[in-house]
Amino acid sequence: MAKEYPTKISARDFSVFYGPKQALFDISLQIPQNRVTAFIGPSGCGKSTFLRSINRMNDLIDGATGQGALTVDGIDVYDKSVNVSVLRRKIGMVFQKSIPFPKSIYENITYGLTLLEKVSRSELDHIVEQSLRRAALWDEVKDRLHHSAMGLSGGQQQRLCIARAVAVNPEILLMDEPCSALDPISTGKVEELITELKDTYTIVLVTHNMQQAARVSDYTGFFLMGRLIEFDRTRTLFTSPAKKETEDYITGRFG
Amino acid sequence: MLHPFQQPQRRPLETLAEWSIRAVASVSIVVIFLIFLFVFRETLSLFVSTDHGQPVADDVTGQMDDGPEVYNPPQLEDLDVPEVYNPETGGLPETSSTGQQQEQPDERTVWEKLFHDVWQPVGEQPKFGLLPLIIGTAKTTFIAILIGAPLGILAALYTAFFAPRRLRNVIKPAIELLAGFPSVVIGFFCLVTVATFVQETLGVEFRLNALVGGIGLSLAVIPIVYAITEDALSAVPKSLRAASLALGSSEWQTAYRVMLPAAAPGVIAAVILGVGRAFGETMIAIMATGNAPMVSWAAATPARTFAATIGSEMGEVVWGSEHYGVLFLLGTLLFVVSFSLNALTELYVKKRLIKRFQGK
Amino acid sequence: MKHTFTQDLGISKRLLGFVAVATAATAAVAVLGILLGMFGQFLAEGGPSITWDFITDFPRNSNTEGGIFPALAGTTFLVLLMTLMGVPVGTATAIYLTEFARQDSRFARSVRFAVNTLAGVPSIVFGLFGVGFFVQFVGVGIDAATGSVAFGDGSLLWSSATLAVLTLPVVIVSVEEALRAVPRELREASLALGATRWQTITKVVVPNATSGILTGSILAVGRGAGEVAAILFVGVTYSSEVLPSAVTDKFMHLGYHLYVLATQSPDVEATMPLQYATTIVLLALTFLLNFTAIFVRSRLSTR
């Protein structure tokens, strides 16, 4: 695998257990910086579990434990010295079900910013505009920044969640099936956005939609039953998969 | 150098707040202990020391000698309550308990006083016979459940399976409304209306009696039985009902033969908690039962329950006296019984319900 | 010939079915009838006595004439103070149970068990607890420590505290329900932005559960306002010339006032209209609170 981009996230023999049940088996991979990496696979295959391990959202599940090494910038995220809050600010996350906070659009964007320190009003205004522009939402909402975010359409809400995530200036964006609840037009907008954002962020995308992975990602990993079957450049994986399981899956023979 | 992830984040206030929440969460547990402790503590005075209530006049020296042994700290020091009416005894704390009164000797033990069939707590030879109270409590509770449980269960069955939507939307909130009735209002209603009705219909001798009280208590029991039965019925998987109907059984057969038995543990819980409610209810029992301690199992004679005894006598009792201790003994019994009934439903019934539907 | 679908069941089966449904219907309607009967009677007998003077006057002539103002005021003070003491504790407990506790932990299960038990303890036992703990232990203790004489007797303060404990389960259950209704995704979104658990609770979870906390408080107030047995010996008084001016004063109470009028009054018959009128006011107060709670809750569930 040629590597013109440095590694941002790296896993070595990384496993996850939910109580006695093992959910991930010895995952080893390297996710390059400033690229879009997609994880595909049937539901329950472990792709979301792996994604949620990167910013330690699995910590929230009672009885979840990890094993092996998972590093971001060479630091093991499960190391005792890691401050989970800081880690999560460096790693933005966009969820499948986009729920804005039931606050105004403006407050949704500034929520993450004001958690740690006081930020001046003018700086907040600036960041709100910048984040909304990045999420390609500015023109649609600039006149109603102080209206409730619940009034936005589904696609707008998802882009607001992206804006909310980028507002804290992360380096990585984790996206957990961000388009599964959206109509085709909104999906198109979000995909376009993902392509634009990869210059600034390292993006990891979980999707059940193979076409989407083929369209927007540079690298793709295929998960099956908690194991990483294959990880390669997207074009390689889709045109000449090395493993039989991958071929079966992408040609639609199962899953 | 530390990586940015490793910036320590010190938020002592948050840690403090989180621990405060944990501490506050234990209040409910602490309160249960305190209730038991403090109600039981006052009861204990009855058995541990003999220096309460009606002192023995001709045994003053003996009492003095026994002083240190029968010493009962919470009563005398913490509570600072004069043992007897006489204000002058307050000046003699060490001997106040022995009292210098000229009364007849009373050599019965506490147990002898309790296992007696007369409740007559005030007088030279006070009688704390629990029998009339036990009978009164059992009688009224039984009547309340006899009326309240079927009404509550059947009403729940009706609103769950038979009632037209519009009627259900009236009955359900109405019964919830009944749950919000202050018991003093139900007691008042029984006192002025139910009592007259019962007397005119049945021509009974006593206007206020266990039956009137039982009817009143059933009004407190119905909402509880109704609510829990309804919960239990709605917890039965819908597929069970569909399967029964699909086999050709009618709506009523399904309700009575499939749904009700399936919800049985919940219905049992409903009745048990209903018993607890009737057993512990005070105001209705005071106002509607006639409140006379009688040894009679007849429904139409007055009755006196544990709770009503505490409610009507605690206000006039000499604090720290034997009578006071006996009232707390009744309180302890109420607490222990309600605790046991609750534990029974929590530990036994719920487990069975879970087992039945989740196969655990 | 009839089609098989319309074939009659046996007459006995049909009769049985009719009886089964009719019995259940009778039970439900009977309960409804009793309720309506109660309302009807109270309104008919007490309605005419509800006047402005009745609400705003002090009782006169040993409670046989005049109004119920001090009882109304006393009840109000009582439930307000009770809310101040009980709601924060109940809310904190509910927050603990939903946000902190591992559901299978021994401590969380003990708390739940305690809350359920507390809900089943007879109110008269809370009354004994109020005397034994708040008045005789805490109050007398404060007096002994400070040299005052104000705390070692039943009062508004100790009655409120007793009721706060009694209504604790109501608050906890209702707030917990509201907290559980806050979508998990909101918590995750907040945590993923680097918020700590505490920030997530204070900035996202609790603001989303305010109507639940409100509902819980109102239900508790509705329960507390009508509760008599628990405060019988903890500071309520049957007659007062003045309103309580300090938390250590004794107070009048609507429910207790009704009890006294109906059972202890020198001339029960003469005060009958007053008793009915007091009942109406007490019911109006509790139902107003309950309806408010139902309204707030229904707004919560439709949002």
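I looked up strand 1 (residues 7-18) of chain A and found eight bridges to strand 4 (residues 64-72) of chain A, the two running antiparallel. I took strands as DSSP runs of E, at least two residues, and helices as runs of H or I, at least four, numbered from the N terminus; two strands pair if DSSP finds at least two bridges between them.

The model is predicted: local features need pLDDT of at least 70 and side-chain atom pairs pLDDT 80 or more, while totals for chains, interfaces and linings use all residues. Residues are numbered from 1 along each chain, chains are lettered from A in the order written, and side-chain values use heavy atoms, without hydrogens and water.

I noted that Val16(A) stands opposite Gly66(A) in strand 4 of chain A. I then traced the open sheet of chain A: four strands, order 2-1-4-5, antiparallel pairing. Its edge strands, strand 2 (21-32) and strand 5 (75-76), each pair on one side only.

In chain B I counted 16 helices and two strands. Of its 360 residues, 52% count as buried (under 20% relative accessible area; exposed is over 50%, partly exposed in between; 1.4 Å probe, protein chains only).

I checked Phe36(B), which is found in helix 2 of chain B and is partly exposed, at 34% relative accessible area.
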